[in-house]
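Got the viewer open and your selection tool ready? Here's a short walk around, stop by stop.

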Amino acid sequence: MATEFANGPSAATKSAATEVEQSSNNRAAELGWEVLTKKALLPSDFSQTVIDDIWRSWPEEARVKAENASPEDRLRLIYHRYGLSERPELLVGKDGTAAFVSPQQEDSVGPPMQYVVSEKGDWTMNCLSCHGGSVYGVPTPGAPNNRYALQTLTEEVRSTKFRLGKPLGRMELGSLVIPLGTTNGTTNAVVFGMGLMNYRDSELNVVQRAPQTFVHHDMDAPPWWHFYKRPYLYIDGFAQKGHRGLMQFTLVPENGPEFYREHEDDFRNVFAFLSSLRAPQYDGPIDQPLAERGRHLFEQTCARCHGTYGPDGGTYPNEMVPIDELGTDPVRFQALTSEGRQRYADSWFAQLKQGESQETRVNPEGYVAPPLDGVWASPPYFHNGSVPTLWHVLHPQERPVLWKRAAEAIDPERMGFQIELADKVPLSQPDVLIRRSYFDTRRFGKSAAGHDYPDELNEQEKRAVLEYLKTL
Ligand code: HEC
Ligand code: HEC
C-alpha cells in the first residue's frame, strides 16, 4: 500500500504541542549529527601522523605534486585522492529539515566529514565515509560518497604504517583477506556486516563459529534523503526501519553487547538526523513545458513502482519487483541468504525494544524500487552503481560496457557523470587509484543490464521524462 507524504514536516507544526515536539525532534537531529561526526564508534583506524605522511606512498606523479604543494594544498590533495571532503555545518530549519553550510576558508583545511578526528589526532571511519559524498563538488551529508577510495586508502595507510614502523590495524589486516571495494565509490559493505554478524548470538554476544564463505560484491550506497520515506530498508527491502538496525556497521569484536545498550540513545538521535534529510534541488536550467509532459509520462509508466512527487509531497508505493522480471544484477540478491536474514530477524537489531520485534522479510523476491527524489544528485545508478547517467538508465541498449568518470562536473545533457569509454582497463597505468576508476560491467556483480521499462517510451517521450527527473 502506498504511503502519502506531506511536503516536509512543516505541515505538522500547527499547534503548540506539535511545536514542542518539533523542537525536540530538531534537537535530536542535531545530536545525531554530533554522534556521526564527533563520536568514534569503532577502534581508531590511523593517526594524523599517518595521514600527513601518506603521500610518500603515492605513485610518482601524484607524489611529486604533493611534495611541491603547500601543507594546506597537500592535505587537499590527500582528501581529494580518497574522496574525503571538509565537514559542513548543520542547520536544522524550523520545519525540521536539515540544511548544511560549507566552511569557506582559504588558509586552512577543516576536519573531514567521513572520519571522526579526536583531539589526540586519531582518525576513525564513520557512517559518512560511504554516506557523505559530494554532489558534483558540493560536500553533501547523506549523498552517496561516489568518490570514496576505501581500498586504495587502506593499502596506502598500510604501507605508510609500515614505513613509520607503526602496528597495522583492523582495516589493513582485514583487507588482506576481504576485498573492500574494487571500483572507486563502491564498497563490499554488505559482506562486512554479514561476516561480523556470523560471530554473534541473538543478544550480540561474541561467539565462536566456523568462518563462513561470502559472495563478495560491491555496492553503491543509497542516498539517506530517502530514509524518511522508506518503511523498509536496503535494496531488497528486507529490514523494517528502526534505530537499532542502524547500529550494524559498528559490529567489530571490540564492541560487546553492552556497547549496543549504552549507545541506543545515540542511534535514536542518528535516526532523527537521517529523518531530517531531504534531497537537494537541481539548480540548472529546466525546460518546464517539456518536464510537465514528462510528468504525465512518468505517472503512466514509472509511478506504479517509483511513486509520485510534487507540491503535495506525493506517494511512495514501496514496490518489490521479482528479480527475474527486473533483470538488474542479481548478485546482491543471492549474496544475502535466508539464514543471514533470519539471523538478523532473531537479533537485538530487529527489535524496537525488548520483546517488540520488527518485521524482517526473510525471503524477499527481488529489489524494491527506490524513491527518486534528488535522483539527479546521486550518480551512478542502480544498486551496484553500474550506470553512469540517467540518460543511460532510460536507454538500456546504449549503456557503456567499460567506463570511467572523466570530470568532477555534471554532464548536463545526459544528467550524470561525464564519462570516457575504454575497451579494457589499462593495466600499464602505474596508479592503482586510476585503474580502480574504471567500471567494468562484465565483472561479477557489476552488470548494467535490466530495468527495461523505459523502452515503453519513444525517443521524444524519453527526453521529456529525463527533463522531469531533474525536477525531483
Ligand atoms: C563501507 C560503506 C558503508 C558504511 C561505513 C555505512 N554504510 Fe550504510 N549502506 C552502505 C551500502 C552499500 C548500503 C546498501 C545496502 C543494501 O541495500 O543492501 C547501505 C545502506 C544503508 C541504509 C539503508 C538506506 C536505504 O534507503 O535502504 C541506511 C539507513 C544506512 N546504510 C545507514 C548507515 C549508518 C547509520 C551507518 C553508520 C553506523 C552506515 N550506514 C555505514 C554502505 C555503508
Ligand atoms: C516494475 C517496477 C518499475 C518500473 C515500472 C520502473 N522502475 Fe525504475 N527501478 C525499479 C527498481 C526495482 C529499481 C532498482 C534497480 C536496481 O538498483 O537494481 C529501479 C531503479 C531506477 C533508477 C535508478 C535509481 C538509483 O538511484 O539508482 C531510475 C533512475 C529509475 N528506476 C527510473 C525509472 C523510470 C524513469 C521509469 C519509467 C520509465 C521506471 N524507473 C520504471 C523498478 C521500476
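A helix here is a DSSP run of H or I at least four residues long, and helices are numbered from the N terminus. Keep in mind that this is a predicted model.

**Stop one: ligand 2.** Select ligand 2 and bring up its shell of 25 residues, where Cys302, Cys305, Thr328, Ala369 and His383 come nearest. Now colour by element: helix 12 (303-306) and helix 16 (390-394) are the ones that give two or more residues to this shell. Helix 12 has the largest share, at three residues. Switch to colouring by class and you'll get 17 nonpolar, six polar and two charged residues around ligand 2.

**Stop two: ligand 1.** Hop over to ligand 1, which is surrounded by 20 residues; Cys127, Cys130, Ala189, Met219 and Tyr234 are the closest. Two or more residues of this shell come from helix 5 (128-131), and likewise from helix 8 (189-197). Which helix gives the most to the shell around ligand 1? That's helix 5, with three residues. By class, the shell around ligand 1 splits into 14 nonpolar, five polar and one charged.

**Stop three: a helix pair.** Select residues 150-164 for helix 6 and 170-177 for helix 7; their axes come within 9 Å and cross at roughly 115°. The crossing is left-handed. Show side chains for Gln151, Thr154, Val157, Arg158 and Lys161 on helix 6, then Met171, Glu172 and Ser175 on helix 7, and you have the residues that make the contact. Sorted by class, the contact of helix 6 with helix 7 has two nonpolar, three polar and three charged residues.

Technical notes:
Residues are numbered from 1 along each chain as its sequence is written. Chains are lettered from A and ligands numbered from 1 in the order in which they are written. This is a predicted model: local features need pLDDT of at least 70, side-chain atom pairs count only at pLDDT 80 or more; totals for chains, interfaces and linings use all residues. A residue is near a molecule or strand if its C-beta atom, placed from the backbone, lies within 6 Å of it. Ala, Val, Leu, Ile, Met, Phe, Trp, Tyr, Cys and Pro count as nonpolar, Asp, Glu, Lys and Arg as charged, and the others, Gly among them, as polar. Axes are lines fitted to C-alpha atoms, for helices over the stretch in contact, and angles run from 0 to 180 degrees between N-to-C directions. A crossing is left-handed if the near helix is turned anticlockwise from the far one by less than a right angle, and right-handed if clockwise. Two residues are in contact if their C-beta atoms, placed from the backbone, lie within 7 Å.
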